[in-house]
Amino acid sequence: VVRNANTNNAPGRPADFILDGTVATSGGTVQFGDAQTSGSPVFDYDILTNAALWNISVSSATATLRPHDPDSFLRLQGNLINDGTVDATQTRNGAPATSATVVFQGSGSNDQSVFGNGSTTLQNLTMNRGTGSGIVEILQNLEVVGILDLREGSNPNSQIIELPLTTANLIISNCAPSAIADAGTTSAPYRYIRTDNNGGQLIRTICPNGVYVFPVGSFDSGQDNYTPATFTSGPTGTEGTVGVRVSRGDGAQGGHEFIQQNASDYLQRYWGVDNVTTTIPGQWRFEYIDGPANITGSENNFTRAGRW
């Protein structure tokens, strides 16, 4: 437990958590704040780039965890449990933490989660998980203001982030089209945001004249289906957000529940677009994988798109 014992827990008087050697933990939790924590304590982490912790917990609702330096790394092999504030966008001096990065690099055989009742804002988020079917679950709203990189280096393993709750979205507030990196592919290893019709959305900030890939997909009948959406924004309008999720339909044979009952040729998949605040017009492209996992009947007979 790291406890800020200052009587005046001002942002200028943080409690520093420093690891200046190569560390790889195999369990346990570093907990910031506890029942004896008073005031609004601020904790700064300063961890060697290649050091890795297991679980991180911000257990006090009034506590804040942030990077010590603009390029501080936080590598996790376990979970991020946040009931306070994680703000990895600025340092103790208020300087932008432009290179501060949180890396999920757990064993591929185990899931990792972000959960709690707090607020989590990261500068950069990178995936670097081991081989296996494990995923990273986002169970509270998580905002990335810099870059979401779905693969560190040349990692050959699948890197999947899942959004299983309607109350928990992954928000990319950087409007650069390149704010999501290393997404794809339609075959293993997969690197995408896993959604369903009862879960959260990938929300991106849209600016004029950009091509924005939403690397979403779903897990259906034991199979990953990477079926991204792409929005090409026009030259006019106001910057804002767009959210996307994709899933099989929950009607008969994977169709949308409002599909015509006598339909014999249809796509077993639909994309939900919501959380729209931008006024920028544009063009959508929705991609799916040929074959029985996505198509009922004949693709040649697809003549119109449904909108509900």
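Reply: Quick ground rule: a salt bridge here is a side-chain nitrogen of Lys or Arg within 4 Å of a carboxyl oxygen of Asp or Glu. Keep in mind that this is a predicted model, with local features needing pLDDT of at least 70 and side-chain atom pairs pLDDT 80 or more, while totals for chains, interfaces and linings use all residues. Residues count from 1 along each chain as its sequence is written, and side-chain values use heavy atoms, leaving out hydrogens and water.

Searching the whole structure turns up six salt bridges. Take Asp 224 and Arg 194 to begin with: their closest N and O atoms are 2.8 Å apart. Asp 224 sits in strand 24 (residues 223–226) and Arg 194 in strand 20 (residues 191–194), so this pair ties together parts of the chain 30 residues apart in sequence. (Buried is under 20%, exposed over 50%, partly exposed in between, with a 1.4 Å probe and protein chains only.)

Next up are Asp 220 and Arg 269, whose side chains meet in a salt bridge at 2.9 Å, N to O. This is another link between distant parts of the chain, with 49 residues separating the partners. Asp 220 belongs to strand 23 (residues 216–220), whereas Arg 269 is in the loop between strand 27 (266–267) and strand 28. Both Asp 220 and Arg 269 are buried.

Strand 28 covers 270–274, and the loop that runs from there to strand 29 (282–286) holds Val 276. You won't find Val 276 buried: its relative accessible area is 48%, so it counts as partly exposed.

Now for Glu 287 and Arg 285, a salt bridge with its closest N and O atoms 3.4 Å apart. What does the surface cover look like for this pair? Glu 287 comes out as partly exposed because its relative accessibility is 30%, while Arg 285, at 53%, is exposed.

Notes: Helices (H or I, at least four residues) and strands (E, at least two) are DSSP runs, numbered from the N terminus.
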